[in-house]
Amino acid sequence: MKLCRQQLNIQSRIPLYLQLSAVLREYIADVEGLAAGVLPGEIELCSIFQVSRSTVAKAVAILAQENLVKRIKRQGTVILAAQTHYNPLCAKKSLGLVFPVSSNWNFALEAIHRESCIHGYNLESYSYTWDSLEEETAAIEAARGRCAGIILYPNAHGNDPSLVRKLNEDGIPLVLFDVDFTEVDCNAVLSDGESAGYRLGDYLLEQGCGKILCCSCYSHLRSVRKKLDGFHAALRRAGKQAFEYLEVPEGDLSERTKVKLLQEKLSHSPDGIFCTFKWDEMFDELTASGYWNVKVANCDIAPLRKLNFDVFSAETSKLELATVAVRLLCERIQKKFRPFEKRLFSCRFLLQNKGGIIKL
């Protein structure tokens, strides 16, 4: 972050010394300030911002009261975060939650909010449209400017580790939610999608399914690819492969159009279905069309209603993911140089049939 005169607004009603203290606070939190280790001297700050020495002195005094800087003889105004593990971002009392709109994680989002309050933080939500790189980038930038740390579900950025590298380089405390970049050191909480996919594929084989329809959505994302990798590994072990594939398109297509694509695949009479996402309309169509002998393996819990066919589901412990995500982020904020952690959580499996739900 470069310091310049344009960062102050002389037309504003906010006193210049308060504006300057805010600018210097951001400089202190930025990687360039931390690298410098000290603030520019009073005379230099007067020259950069074209303000009086008394304005600079008042601004620096505010930062000293906040324990962000300290005047040390023959060293200047030292940035404390550059000398100790103290992180100036702790002065911000909000956590940023960057998530796509219409995600199926409402329960987890509520848990994140509760856990944030327990740790003394407000939670600010920054949502973006699925697949919109521009909106996701804007949401991240807004969160990093206002919050002490970020819990991020990267969708449009889902396969690009450069974003995570940049946030790490900038010293932004970050926890990835249910997404992992194996080639980058970072904090992450994630469900074991690969093991879940394998167990679901194994279930269909145990049930004697020979014509399996594989339904997927957003299969370009790493989290989805993990589920598919596990599923295909189970089939390869048995010397089999999926009979049909259906990549369900997202975006502007209506649910009726998506169901028509499903109907076309169902006309080939599959005896098993593997699905990587929660698709309620699929269950409605199977019920309405009388596909009562089909076996379904689903990477999310099926609708909680009576079904005429068997559904074997893998359920992610969203509450655990949410709770640990906030704890990891708060620890990272307090101890900036703490080693990164990746927490992997196993799924639990449920069998749902005419008799109800059986936990396995």
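Which residues have the most contacts inside the largest nonpolar core? They are Val98, Phe177 and Val189, in a core of 45 residues. The model is predicted: local features need pLDDT of at least 70, side-chain atom pairs count only at pLDDT 80 or more, and totals for chains, interfaces and linings use all residues. Residues are numbered from 1 along each chain as its sequence is written, and side-chain values use heavy atoms, with hydrogens and water left out.

A nonpolar core is here a set of buried Ala, Val, Leu, Ile, Met, Phe, Trp, Tyr and Cys residues joined through side-chain atoms within 4.5 Å. Buried means under 20% relative accessible area, exposed means over 50%, and partly exposed lies in between (1.4 Å probe, protein chains only). In soluble globular proteins, nonpolar side chains tend to be buried together. The largest core has 45 residues. Helix 13 (residues 318-334) gives the most to this core, with nine residues. Helices (H or I, at least four residues) and strands (E, at least two) are DSSP runs, numbered from the N terminus.

Contacts (heavy atoms within 4.5 Å) were listed for Val98. Residues up to four places away in sequence are not counted. Val98 then touches Tyr126, Tyr128, Ala139, Ile140 and Ala143, and also Ile150, Ile151, Leu152 and Tyr153.

The whole structure holds seven aromatic pairs. Rings of Phe, Tyr and Trp (its six-membered ring) pair if their centres lie within 6.5 Å; planes under 30 degrees apart count as stacked, over 60 as edge-to-face and the rest as tilted. Phe277 and Trp279 form a stacked pair, with 5.6 Å centre to centre and 25° between the planes. Both Phe277 and Trp279 are buried. Phe312 and Phe349 are also stacked, at 5.6 Å centre to centre and 10° between the planes. Phe312 lies in strand 12 (residues 310-315) and Phe349 in strand 14 (residues 348-353), so this pair ties together parts that are 37 residues apart in sequence. Phe312 and Phe349 are buried. Phe99, Tyr153 and Phe177 form one aromatic cluster. Of these, Tyr153 is touched by Val98.

A charge was also found over a ring. The criterion is NZ of Lys or CZ of Arg within 6 Å of the ring centre and within 35 degrees of the ring normal. Lys58 lies over the face of Tyr17, at 5.2 Å from the ring centre.

Leu45, Cys46 and Phe49 are buried. Seen down the helix axis, the buried residues of helix 3 fall within an arc of 105°, so they line one face. The arc is that of the directions from the helix axis to the C-beta atoms. An α-helix has 3.6 residues a turn, so residues three or four places apart point the same way. On the other side of helix 3, Ile43 and Ser47 are exposed. The buried residues of helix 3 pack against helix 1 (16-29) and helix 4.

Gln50 follows helix 3. Gln50 has a positive phi of about 55° although it is not a glycine. Gln50 is found in the loop between helix 3 (42-49) and helix 4 (53-65). Its relative accessible area is 58%, so Gln50 is exposed. Ser54 is partly exposed, at 46% relative accessible area. The C-alpha atoms of Ser54 and Glu42 are separated by 9.3 Å, with the two residues twelve apart along the chain.

Ser269 likewise has a positive phi, of about 60°, and is not a glycine. Ser269 sits in the loop between helix 11 (255-266) and strand 10 (272-275). Ser269 counts as partly exposed because its relative accessibility is 47%. Within helix 11 is Lys258. Lys258 has a relative accessible area of 5% and is therefore buried. The C-alpha atoms of Lys258 and Val248 are separated by 6.7 Å, ten residues apart along the chain.

The cysteines were checked for disulfides (a pair of cysteine sulfur atoms within 2.5 Å). The count comes to zero. Cys4 is partly exposed, at 29% relative accessibility, whereas Cys209 is buried, at 4%.
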